[in-house]
Amino acid sequence: MVLDLQLACKNLDGLPSRKLFKSWMRGMFSTYKKKIELTIRIVDAKEMRYLNWYYLGKNYPTNVLSFPFVPPSGIKSSLLGDIVLCRQVIEYESKKRNVPSTSAHWAHMMIHGSLHLLGYNHLLDEEAILMKQTEISILQQYGYQTCCYT
């Protein structure tokens with residue numbers, strides 16, 4: 001597994017380590033038999049607001065955006081896609097929801113973004129329920145309490 005971790009935010013204090021992101025990635029994609037490449041980019045609210053506006057037409061920063069990579073026809077690639085995480089939104093949500101560990105919310109957002117790369121969605125109620133159940137199951141495997149996500 002290859003992780004391209006891009007730290008594009010001004011304040012790097014308190015961010016999960018590369019090692020922690022890599023362990024979440026290993027756990028998330030452990031059943032894959034093929035090589036996986038993933039880009040995780042941590043940004044500030046200004047960049048996330050722009051990305052959310054440009055790609056989704058929403059003029060506010062969000063916690064996570066996922067960009068699946070679809071290679072051109074006839075080209076094989078191990079790149080799954082990009083996950084963009086917003087530092088300020090994730091930290092704000094952690095405090096607002098009284099998440100016992102900030103790293104638990106970082107893990108949740110990384111898992112959420114990864115599931116989007118794998119084709120999960122939450123546009124319909126049935127999809128949202130399945131995605132939430134999958135997130136909770138994975139968070140529990142990491143030993144994180146899921147009281148704040150149900």
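Among contacts (heavy atoms within 4.5 Å) between residues at least 6 apart in the sequence of the protein, 62% join residues at least 24 apart. The model is a predicted one, in which local features need a pLDDT of at least 70 and side-chain atom pairs count only at pLDDT 80 or more, while totals for chains, interfaces and linings use all residues. Residues are numbered from 1 along each chain as its sequence is written, and side-chain values use heavy atoms, with hydrogens and water left out.

The mean pLDDT, the predictor's confidence in each residue on a scale from 0 to 100, is 89 for the protein, and 96% of the residues score at least 70. Confidence is highest in helix α2 (residues 45-56), at a mean of 97, and lowest in helix α5 (residues 125-141), at 87.

Five helices and four strands are present in the protein. Both are DSSP runs numbered from the N terminus, helices being H or I of at least four residues and strands E of at least two. Along the sequence, these elements follow the pattern β-α-β-α-β-β-α-α-α. The protein is as compact as a globular protein of its length, because its radius of gyration of 15 Å is close to the 15 Å given by the globule rule for 150 residues. The radius is taken over C-alpha atoms, and the rule is 2.2 Å times the number of residues to the power 0.38. Along the principal axes, the C-alpha atoms fill a box of roughly 45 × 35 × 35 Å.

Of the 150 residues, 41% are buried. Buried means under 20% relative accessible area, exposed over 50%, and partly exposed in between, with a 1.4 Å probe and protein chains only. The accessible surface comes to about 8,800 Å², and carbon and sulfur atoms account for 53% of this area. Areas were computed by the Shrake-Rupley method with a 1.4 Å probe; for residues, only the protein chains shown count as cover.

Two residues illustrate local surroundings. V64 lies in strand β3 (residues 64-68) and counts as buried, at 9% relative accessibility. Leaving aside residues up to four places away in sequence, V64 touches M48, I83, V84, L85, M109, H112 and G113. The C-alpha atoms of V64 and I83 are separated by 7.0 Å, the two residues being 19 apart along the chain. N11 is found in the loop between β1 (2-8) and α1 (18-28), and counts as partly exposed at 38% relative accessibility. N11 and Q88 are 77 residues apart along the chain, with their C-alpha atoms separated by 9.9 Å.
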